[in-house]
Amino acid sequence: MFEAVGWCLWHFVANFGGRLADARTVEEGRNWGQAIKTRITEMLGIAHPVVQGGMQWVGVAELASAVSNAGGLGTLTGLTQPTPDALSREIARCRDMTDKPFAVNLTILPTIKPVPYKDYAQAIVDSGVKIVETAGRNPEPFLPLFKSAGIKVIHKCTSIRHSLKAESIGCDAVSVDGFECAGHPGEDDVTNLILLPLAARRLQIPFVASGGLGDGRGLAAALALGADGINMGTRFMVTEESPIHIKVKQAMVEASELDTALVYRTLSNTARVFKNSIAEQVLEIESQPGATRFEDIQPLVQGAKGKELFAEGDLERGIWSAGMVVGLIEDIPSCDELIQRIVADAEEIISDRLAQILQA
Ligand code: NAD
């Protein structure tokens with residue numbers, strides 16, 4: 001049933017102009033999917049300006065290596081591993097699966113159990129990884145350690161003031177995370193149409209656009225707005241190599257752009273998640289008069305339940321991060337197919353559609 005619906009959708013968009021790159025990788029003697037080089041591809045040593053962002057329970061070696069093998073930058077999520085030693089082993093496993101660069105994400109946000117961040121940072125350094133994506137709080141305490149190991153640090157920022165701060169403390173690049181994004185969009189609610197041009201005007205260091213990106217139009221638009229590439233999380237969750245249950249992937253294929261919710265707003269730790277019955281219960285509790293106590297929602301939202309949801313495919317077991325981009329996701333490709341399609345579509349938009357507009 002699902003496959004039939006998926007095929008009909010594909011057939012519709014392929015024939016009525018929705019997709020650009022179907023059945024076309026070489027046209028008029030050009031190798032589509034080969035040409036977009038930016039400061040980010042140069043800095044990170046990757047073929048395509050496409051980064052897979054950190055995702056709790058999703059960023060494991062299978063996904064990160066698939067993205068890196070496809071020419072993007074795959075990312076292991078540090079805290080998905082229960083201990084720093086387990087992270088070291090996951091890094092070694094990823095290295096066995098790809099000889100291309102990959103990153104490790106270290107997110108510093110409120111957690112139910114205290115996290116030994118210093119030990120995770122040390123494990124990253126000792127493993128020889130050369131790219132780290134930091135997120136959440138100011139990464140300044142970890143920069144001397146990372147920089148002395150020659151690590152490139154990309155800090156995820158949801159505002160221009162945080163991006164400028166990241167630049168001033170020595171981060172090598174930033175990931176500018178618009179309000180559309182999955183997970184924690186901050187509290188400012190500014191979308192990428194504003195954030196990206198501001199970043200282009202004010203930052204000296206390279207930046208990738210994050211939030212709302214899932215296709216070639218998004219990549220072309222992000223480049224036009226001044227970004228050096230894109231960071232995608234939700235879109236990579238819905239790939240063959242993503243380690244989550246097929247029912248979760250299917251739910252995201254079927255979802256529209258209206259199927260996300262913002263939880264923890266009352267705790268100033270806003271997170272965008274898939275709008276299921278658990279997210280609705282959390283919103284109901286947060287809408288009650290008086291201050292929300294995290295203890296009242298903790299049984300619903302704890303990460304351990306999200307992990308079970310991903311493993312078992314029970315969509316109402318807990319909550320999971322998802323961006324507005326679910327509204328653009330129509331299939332479950334391999335990472336290689338996805339990246340090739342996005343880059344080829346972006347190239348065609350830039351060199352054909354936009355060039356023709358200019359000539360007209
Ligand atoms: P967890 O089980 O410790 O907590 C579940 C959720 O509740 C998280 O979103 C957490 O930020 C939030 N939370 C915990 N204590 C809180 C408090 N006292 N007040 C307000 N909110 C609170 O989290 P987890 O699922 O094991 O994830 C570990 C960490 O990774 C969390 O900080 C989470 O936010 C973060 N995360 C990062 C990404 C990413 O893309 N890098 C994605 C998902 C989660």
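This is a predicted model: local features need pLDDT of at least 70, side-chain atom pairs count only at pLDDT 80 or more; totals for chains, interfaces and linings use all residues.

The entries below cover the sheet, then a helix pair, then the ligand shell.

I traced an open sheet of 8 strands, which runs in the order β3-β10-β9-β8-β7-β6-β5-β4 with parallel pairing. At its edges I found β3 (50-52) and β4 (74-77), each of which pairs on one side only. From one strand to the next, the twist averages 30°.

**Entry on the helix pair.** I looked up how α9 (residues 216-224) packs on α15 (residues 335-359), and I read an angle of about 55° with the axes 7 Å apart. The angle makes α9 oblique to α15, and α9 passes α15 in a right-handed crossing. On the α9 side the contact is made by Gly216, Arg217, Leu219 and Ala220, while α15 contributes residues including Arg341, Asp345, Ile349 and Ile350. By class, I recorded 8 nonpolar, 1 polar and 3 charged residues in this contact.

**Entry on the ligand.** Of the 23 residues around the ligand, I listed Gln56, Leu109, Pro110, Thr111 and Gly303 as those that come nearest. The elements that give two or more residues to the shell are β5 (102-108), α13 (294-301) and α14 (303-312). I sorted the shell residues into 11 nonpolar and 12 polar, with no charged residue among them.

Terms used. Residues are numbered from 1 along each chain as its sequence is written. A residue is near a molecule or strand if its C-beta atom, placed from the backbone, lies within 6 Å of it. Helices (H or I, at least four residues) and strands (E, at least two) are DSSP runs, numbered from the N terminus. Ala, Val, Leu, Ile, Met, Phe, Trp, Tyr, Cys and Pro count as nonpolar, Asp, Glu, Lys and Arg as charged, and the others, Gly among them, as polar. Two strands pair if DSSP finds at least two bridges between them. Axes are lines fitted to C-alpha atoms, for helices over the stretch in contact, and angles run from 0 to 180 degrees between N-to-C directions. Angles under 35 degrees count as roughly parallel, over 145 as roughly antiparallel, 65 to 115 as roughly perpendicular and the rest as oblique. A crossing is left-handed if the near helix is turned anticlockwise from the far one by less than a right angle, and right-handed if clockwise. Two residues are in contact if their C-beta atoms, placed from the backbone, lie within 7 Å.
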